[in-house]
Amino acid sequence: MEFAHITPLKGNIILTDAFHLNASLLNDKNLYKFLWVTEGRVSLEIDYVGITLEKNEVIPLSSLHHIVFKEVEGKYLTLLFNSNFYCIFKSDDDVSCNGFLFTGTSNIMKLRLSDMYSSLLEKITSDLYQEYNNEDSLQEEMLRLHLKRFIITCTRIAREKFAIEPRNENTFYIIRQYFTLVDKYFREKKQVKDYANMLHRSPKTLTNLFQLYNLPSPLHIIHERIEAEAKRLLLYSSKTVKEISGILGFEDIATFSRFFKRSTGENISQFRSRVLSNRSSQ
């Protein structure tokens, strides 16, 4: 089963239970994704990290993530959309997911659904199914409305996961802004003070906010984003180490190599060899 809607401006929204069988969707680098296991389990490799999802677990994935299905032992749904259909950046006031559900790191957020939220997502996907059959002038906006409902529901689940209360909304907004800025500027700006200045806060204030929500330190977030991009380029591009070091804003290969070894515990050659060897043996 696969339902797709394409707008005149090349906006896409797709709902499918066979994402793993559609090579064109798997290779489309413009799609945001929600993957929800409804029965059994699904094993994947996202970027270079293995993850297994059980029944009623959902993961949000950005357009940057590389996905390989390892084993499907049940049923799942994938809801996909691109920025031409729904721009999470322009719509942040509506859904508050930018810099939260969708970031460029490879540290995937796994959401566990309660029975209530599972029923709610079932209702939303059922509404999406029905709307795909209504081919009138209102269809596009109705599909967008149901997508917003799905995003908002997952945002609420994630907020409960991190115990974000309404009274802390303003402080958590700063954290989301920080993630968004790091995603945008990590190649050029590698110090917490750079982002603190843009947010009109002190580095100490940011550190305290991250501690409040039991998140890694602001500096760790920067390093994690650089590391994720470095690994993607090393594994999924034909660029040389010299080219990658330049893309990531390092002054030379030696500086990049030291950063990589310090962040991952292995040098670049060891990382490439290990991951590629693991893939060939599977």
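Me: Why is Arg-144 called buried?

Reply: Arg-144 has a relative accessible area of 14%, and buried means under 20%, exposed over 50% and partly exposed in between (1.4 Å probe, protein chains only). Arg-144 is therefore buried. This is a predicted model, in which local features need pLDDT of at least 70 and side-chain atom pairs count only at pLDDT 80 or more, while totals for chains, interfaces and linings use all residues. Residues are numbered from 1 along each chain as its sequence is written, and side-chain values use heavy atoms, with hydrogens and water left out.

Me: What makes the contact of Glu-140 and Arg-144 a salt bridge?

Reply: The N to O distance between the two side chains is 2.7 Å. A salt bridge requires a side-chain nitrogen of Lys or Arg within 4 Å of a carboxyl oxygen of Asp or Glu, so the contact of Glu-140 and Arg-144 qualifies. Glu-140, at 25% relative accessibility, is partly exposed. Helices (H or I, at least four residues) and strands (E, at least two) are DSSP runs, numbered from the N terminus.

Me: What makes Lys-110 and Glu-57 a salt bridge that ties together parts apart in sequence?

Reply: Their side chains meet at 3.9 Å, N to O, in a salt bridge. Lys-110 lies in the loop between helix H2 (92-95) and strand E7 (111-112), and Glu-57 in strand E5 (residues 57-61), so the pair joins parts 53 residues apart in sequence. Lys-110 is partly exposed at 30%, whereas Glu-57 is buried at 11%.

Me: How many salt bridges does a search of the whole structure find, and which residues are linked in a network?

Reply: The search finds 14 salt bridges. Asp-47, Asp-183, Arg-187, Arg-225, Glu-229 and Arg-232 are linked in a network.

Me: Why is the pair of Phe-3 and Tyr-129 called tilted, and how many aromatic pairs are counted?

Reply: The count comes to 19 aromatic pairs. The rings of Phe-3 and Tyr-129 have centres 5.4 Å apart and planes at 55°. Rings of Phe, Tyr and Trp (its six-membered ring) pair if their centres lie within 6.5 Å; planes under 30 degrees apart count as stacked, over 60 as edge-to-face and the rest as tilted. The pair of Phe-3 and Tyr-129 is therefore tilted. Phe-3 is in strand E1 (residues 2-6) and Tyr-129 in helix H3 (residues 115-132), 126 residues apart.

Me: What makes Phe-19 and Phe-69 an edge-to-face pair?

Reply: The planes of Phe-19 and Phe-69 stand at 85°, with 5.8 Å centre to centre, and the pair is edge-to-face by the rule on planes over 60 degrees. Phe-19 is buried at 1%, and Phe-69 is buried at 16%.

Me: How do you know that the span of helix H5 agrees with expectation?

Reply: The expected span is 1.5 Å times one less than the number of residues. For the 17 residues of H5 (residues 169-185) this gives 24 Å, and the end C-alpha atoms are 24 Å apart, so the two agree. Buried residues in H5 include Phe-172, Ile-174 and Leu-181.
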